[in-house]
Amino acid sequence: MNSPEGNAPRGFVAKILALFVERAGDPAPAAPARTSALRSAFTLRGEATPLLAAAAALTCVGTIILLWAFVTWGKEAESRILSPVKLPSPAETLEQIPSLITERELLKSTLWSLRRIALGFLCVVSIGLPLGVLAGAFAGVRAFLTPPVLFLRYAPVAALLPLTILWARGVGEGQKVLFLFLASIGFFVHDVASAIGAVEDRFVNTAATLGANSRQLVVQVIFPLALPSIVTSMRTVLGVSFGYIVLAEVIAAEYGLGYLIQSSERRGAKEHIYLVLLVITSLAFCIDRGLAALERWLFPYKQGSGR
Amino acid sequence: MSEPRLDVAMQRPGAHVVGEIDGNPVVESAAPTENHAPRTPALELRHVTKIFTLPNGKQTTAVRDVTLVVEDVAERGEVVSVLGPSGCGKSTILNCVAGLAPHHPPTTGEVLVRGEHVGGPSASRGMVFQAYTSFPHLTVLDNVAFGLRVRGMERDERHAKALDWIGRVGLKGHEHKYPHQLSGGQQQRVAIARTLACRPQMILMDEPFGALDPATRREMQELLLSIYRDPAIEVTILLVTHSVVEAVYLSTKIVLMKPNPGEIVKLWDLAPPSHSFEETRTQPTFVKLVAEIESRLRGRDVDA
Ligand SMILES: Nc1ncnc2c1ncn2[C@@H]1O[C@H](COP(=O)(O)OP(=O)(O)O)[C@@H](O)[C@H]1O
Ligand SMILES: [Mg+2]
């Protein structure tokens with residue numbers, strides 16, 4: 001807008017990125033392919049090459065770290081823009097990694113959180129899968145299950161926490177699993193039922209004219225065809241479970257990543273909060289990517305699977 | 001299995017040559033001598049009417065009073081083509097014969113296949129749709145073996161049978177591929193082999209080649225011909241198509257329909273094709289019939 005060409009934002013970002021890419025890549029004069037890759041990355045609905053995408057992401061991370069270093073610059077607390085109580089500097093945070101691992105037993109807490117997530121996930125899948133398949137296949141079951149599914153999908157998750165403490169008589173492992181279960185089961189049953197319902201009639205009709213009975217239609221055609229969507233839904237459940245378990249552990253737990261955050265806020269090193277947050281998001285990301293790869297391997301025919 | 005049909009036909013008692021075209025004997029095989037009663041028709045539609053009630057409460061008549069008899073000819077199949085503009089009830093008729101809801105059951109009238117009422121879908125009436133319907137999670141082999149598997153056939157046996165059919169539709173070497181690795185024509189071959197593996201009495205095809213390019217379409221037409229000429233298969237094919245040339249070339253019977261409400265306008269009984277497509281399509285009788293049907297489809301002389 002403020003440039004004579006009138007396409008200032010695009011040109012500006014592209015120029016900055018070009019600087020970055022050229023420094024990161026070979027110093028040779030920009031090849032035409034690179035220029036067009038850059039242009040493509042910043043045209044409407046264009047595509048970015050993997051190198052360009054990585055460069056853009058790194059630029060973002062770099063900017064955040066620079067900003068972070070800037071607002072926490074200085075030895076004395078008074079000379080900083082943000083006091084160390086509010087935000088430790090990048091160097092101070094890095095220094096706390098060993099204590100997080102040894103004194104705070106990061107690995108143990110991580111395993112506890114993963115165990116709770118896994119148990120909750122198992123409960124959600126083992127109960128939600130049959131219910132969702134039945135709801136997707138039979139309108140009567142769907143109508144019957146609609147009220148509790150709707151309730152659980154729209155109930156505020158945080159409000160379920162005190163209830164699970166009441167029901168499970170305390171804050172033991174049962175309460176954690178129950179909470180994860182209640183927080184996800186509504187969504188999962190809904191997703192499975194939709195996936196089953198979305199299987200196209202032509203496959204079902206074809207199978208029927210090949211002699212399949214109702215049970216065979218469900219087991220050999222409808223369920224396998226819905227499975228890719230169901231697995232995508234499982235991925236989502238696992239992803240949000242990370243958020244929910246931390247919430248539950250922040251409220252009350254003896255171990256766990258949420259417990260680490262909560263106790264660091266009260267009495268430990270504040271740096272640990274940021275480190276644990278990074279651990280949680282990295283773990284969730286890695287698990288999601290792993291499942292995405294599994295999806296691509298299991299369902300090569302599913303368009304756009306595992307993205 | 002694939003002996004020329006003429007040889008087989010002439011070995012049968014009661015089979016006789018009824019004519020000769022360009023030196024080729026034309027064989028009509030009569031019913032076995034010990035059975036003079038007419039054979040049960042392969043397909044019979046008796047006054048079939050289907051009225052749909054729309055969600056807004058209005059009613060539409062998809063087809064009205066459709067009556068059609070397809071005789072059962074010994075030693076070969078039949079190809080009955082259904083032609084007509086969109087919405088004239090072609091799919092409704094096909095689905096009624098297949099036994100698929102919501103078209104089945106008809107509002108009034110009867111559908112009989114080899115004398116038996118159609119009560120629902122069955123492996124004896126296979127369906128091939130225009131949209132590709134190969135099960136994406138199964139290999140070509142398991143797709144073709146699907147009908148055998150649901151009827152409880154052992155793995156080795158059904159795989160052997162499926163392999164045989166895969167070879168017959170020209171897909172040898174592709175048996176371990178998945179449908180997404182196949183072309184459109186290959187997918188329709190899978191669909192046809194999968195249906196044939198169930199040894200159906202009828203194959204119902206709803207615009208099966210509509211999504212294929214012309215060359216592939218020609219190949220598929222020849223595949224259909226080889227199927228219904230095969231005395232060991234003896235299947236009646238009910239084919240919905242938009243190609244008049246295809247219908248006239250392939251069919252032993254053509255059904256022309258009109259919409260609003262769907263009704264049969266005219267029927268033609270044709271001799272089975274005996275020549276290659278290239279020879280046939282230039283024959284005057286062929287050209288004349290194609291022109292007549294096309295002009296009727298364009299709306300002229302429909303009531304004549
Ligand atoms: N499931 C349905 N519900 C309501 N009307 C239908 C349904 N299926 C077909 N029809 C109507 O019946 C008529 C014939 O449809 P169809 O058999 O699909 O025609 P064609 O296959 O010849 O194009 C059309 O007017 C169509 O709108
Ligand atoms: Mg149709």
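This is a predicted model: local features need pLDDT of at least 70, side-chain atom pairs count only at pLDDT 80 or more; totals for chains, interfaces and linings use all residues.
Figure 1. An α-helix has 3.6 residues a turn, so residues three or four places apart point the same way. The side chains of Glu222(B) and Arg218(B) form a salt bridge, with an N to O distance of 2.8 Å. Glu222(B) counts as partly exposed because its relative accessible area is 30%.

Figure 2. Over all chains, a search of the whole structure finds 19 salt bridges. One of the pairs consists of Arg114(B) and Asp72(B), whose closest N and O atoms are 3.2 Å apart. Another salt bridge joins the side chains of Glu263(B) and Lys258(B), at 3.3 Å from N to O. Lys258(B) is partly exposed, with a relative accessible area of 23%. In chain A, Arg235(A), Asp288(A), Arg289(A) and Glu295(A) are joined into one network by salt bridges that share partners.

**Figure 3. Surroundings of ligand 1 in chain B.** The shell around ligand 1 includes Phe52(B), Leu54(B), Ala62(B), Ser86(B), Pro102(B) and His103(B), together with the run Gly87(B), Cys88(B), Gly89(B), Lys90(B), Ser91(B) and Thr92(B). By class, the shell holds five nonpolar residues, six polar residues and one charged residue. Backbone N or O atoms approach oxygen atoms of the ligand at several positions: the distance is 3.3 Å for Cys88(B), 3.1 Å for Gly89(B) and 2.9 Å for Lys90(B). On its own, ligand 1 has 560 Å² of accessible area, of which the protein covers 66%.

Figure 4. Helix α2 (residues 90-98) of chain B contributes three residues to the shell around ligand 1, the most of any element. The helix is largely enclosed by the rest of the structure, because eight of its nine residues are buried. The buried residues of α2(B) are Lys90(B), Thr92(B), Ile93(B), Leu94(B), Asn95(B), Cys96(B), Val97(B) and Ala98(B). Lys90(B) and Thr92(B) also belong to the shell around ligand 1. Just after the helix, Gly99(B) adopts a positive phi of about 85°.

Figure 5. Phe70(A) belongs to helix α3 (residues 50-71) of chain A. With a relative accessible area of 55%, Phe70(A) is exposed. Together with Ile81(A) and Leu82(A), Phe70(A) makes a nonpolar surface patch of about 300 Å². Thr72(A) is located in the loop between α3 and α4 (90-95) of chain A. In contrast to the exposed Phe70(A), Thr72(A) is buried, at 3% relative accessibility. The side chain of Thr72(A) comes to 2.7 Å from the backbone oxygen of Trp68(A).

Conventions
Residues are numbered from 1 along each chain as its sequence is written. Chains are lettered from A and ligands numbered from 1 in the order in which they are written. Side-chain values use heavy atoms; hydrogens and water are left out. Patches are made of residues with over 30% relative accessible area and no salt bridge: like charges are joined within 9 Å, nonpolar side chains (Val, Leu, Ile, Met, Phe, Trp, Tyr) within 5 Å. Accessible areas come from the Shrake-Rupley method with a 1.4 Å probe; for residues, only the protein chains shown count as cover. A salt bridge is a side-chain nitrogen of Lys or Arg within 4 Å of a carboxyl oxygen of Asp or Glu. Helices (H or I, at least four residues) and strands (E, at least two) are DSSP runs, numbered from the N terminus. Buried means under 20% relative accessible area, exposed over 50%, partly exposed in between (1.4 Å probe, protein chains only). A residue is near a molecule or strand if one of its heavy atoms lies within 4 Å of it. A polar contact is a pair of N or O atoms within 3.5 Å; within protein, one must be able to donate a hydrogen and the other to accept it, and residues adjacent in sequence count only if both atoms are side-chain atoms. Ala, Val, Leu, Ile, Met, Phe, Trp, Tyr, Cys and Pro count as nonpolar, Asp, Glu, Lys and Arg as charged, and the others, Gly among them, as polar.
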